[in-house]
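Hello,

Here is the structure for you to look over. My notes come after it.

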Amino acid sequence: MIPEKTGPAAVIVLAAGAGTRMKSRTPKILHEIGGRSMVGHALLAARSINPQQLAIVVRHERDLVAEHVSRLDPSALIVDQDDIPGTGRAVEAALQALDAEQQLTGTVVVTYGDVPLLSGGLLAELVATHEREANAVTVLTAVLDDATGYGRILRGEDGTVTGIREHKDSTEAEQLIREVNSGIYAFDAAVLREALGKVTTENAQGEKYLTDVLGLAREAGGRVAAVVTADRWQVEGANDRVQLAALGAELNRRTVEAWMRAGVTVVDPATTWIDSSVTLDEDVRLLPNIQLHGATTVARDAVVGPDTTLTDVTVGEGAKVVRTHGSGAVIGKGAAVGPFTYLRPGTVLGESGKIGAFYETKNVTIGRGSKLSHLGYAGDAEIGEDTNIGCGNITANYDGEKKHRTVIGSGVRTGSNTVFVAPVTVGDGAYSGAGAVIRKDVPAGALALSIAAQRNTEGWVPAHRPGTRSAELAQAATKDSSSTPASTEEGK
């Protein structure tokens, strides 16, 4: 049997920072772009290189972050950073926790919880270069036009990395260097373990710098090299909401472009937002001003938009969804929804069905070919096949204490402004008259009517609304009517 290929010995994700520049009660790494938290993106990238172990270091809002991480990746090891500040100490704490059962050997990758565009492909390239060149340390770098705030990469004459100088500790000459440290590394585990034991906090920040490991590795005779990425976005972090928005826009641009290259028509990419978790088939057509979120899936030849937001919605093949806000719903093959439709969770629209203009649905199953065309509400209901629900129909499902269910059969035709007072059942092929209030079950094939005699009170408007335009017109019409000669019959 061929042994299963495995990735590096471990990936350590650093996620302990407070992120104060976010000015938020939500921990920085839990802020979302593309429908996923930043740390969620980081965990996916880490897992994509198949590490033997994965650890995440936490501190700020520890319980909240740990709960989120455990939900996303239950097998990830949660490590607490102590009071000693710095990335070096964070990695040291993780290494000690990972070593607790068996001392690590091989490659250890260090990355961050706030670098959401980092791809598994770039991490794999970093590991492959590190192991192919037998480096002690390999650092991922980028070349920036403005390197302010970043640690600068120091290189020797042979091109290898001699060290990293933090911006606040750098000289004026070093600040002219444009190649910067991403903070993402591949280490030999033994080199990392030994060097961290020697790193001190004697620097401008009073922190235990992970960057000091590079110099110590070189002093011990190890080779330190770099992998330079031309894609700066993959190493960009988000320290405030401005940077978060920029990363979100770039992620969305890449997501939309990838779907277009996969065969999806996007009429206006600038106004189309697609979460990373959305699935689209070939020949889907997306019109302007739409947002697709969560586990939304759209099948071949479906058209979505314009002006539509769908969250966790399944759209069937060839369906059309126009100006609709929906969540937790299923739209069948060839069905039509909208415009101005609100699909709430539990809505299931069958094949070739229709939910039309100004309709709200919730927890309702609508059979094949049935139509709810306009101006109504259907909640806690089951509707059969080939039924037509008239304009202004509603299911009165709530009695003030409990919700009740309405069951409407197949082939039913309901008149305008019918109200179904649940719980109630309407049999197959039944009809209702306009304005009917259905309070008891309707047998199959029956006509349900709510009839009250119409009463006209003549002269009410002039008497009760004198001086109004309506009164004036009514009086004029009455006068004209009274002055018209009565018809006569000849031949008597």
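Below are notes on the cavities and on one helix.

This is a predicted model: local features need pLDDT of at least 70, side-chain atom pairs count only at pLDDT 80 or more, and totals for chains, interfaces and linings use all residues. Residues are numbered from 1 along each chain as its sequence is written, and side-chain values use heavy atoms, with hydrogens and water left out.

Cavities. There are four of 30 Å³ or more. (A cavity is a set of points, on a 1 Å grid over the protein atoms alone, where a 1.4 Å probe fits but cannot get out; lining residues have an atom within 4 Å of a point. Volume is the space filled by probe spheres set on the points, which are joined across faces, edges and corners.) The largest cavity holds about 50 Å³. Its lining includes Tyr359, Ile389, Ile408 and Phe420. Two elements give two or more residues to that lining: β28 (371-383) and β30 (394-396). β28 gives the most, with four residues. (Strands are DSSP E runs of at least two residues, helices H or I runs of at least four, numbered from the N terminus.) By type, the lining has nine nonpolar residues, two polar and no charged. (Nonpolar is Ala, Val, Leu, Ile, Met, Phe, Trp, Tyr, Cys and Pro; charged is Asp, Glu, Lys and Arg; the others, Gly among them, are polar.)

Helix α2 (residues 62-72). Val65, Ala66, His68 and Val69 are buried. They lie on the same side of α2, because they cover an arc of only 165° around the axis. (The arc is taken from the directions from the helix axis to the C-beta atoms.) Asp63 and Arg71, on the other side, are exposed. (Buried is under 20% relative accessible area, exposed over 50%, partly exposed in between, with a 1.4 Å probe and protein chains only.) The cover over the buried residues of α2 includes α1 (38-48) and β4 (53-58).

Best wishes

Key: 1 Å grid on protein atoms, 1.4 Å probe; cavity = no way out; pocket = protein on both sides within 12 Å on 5 of 7 lines; lining within 4 Å. Contact = heavy atoms within 4.5 Å.
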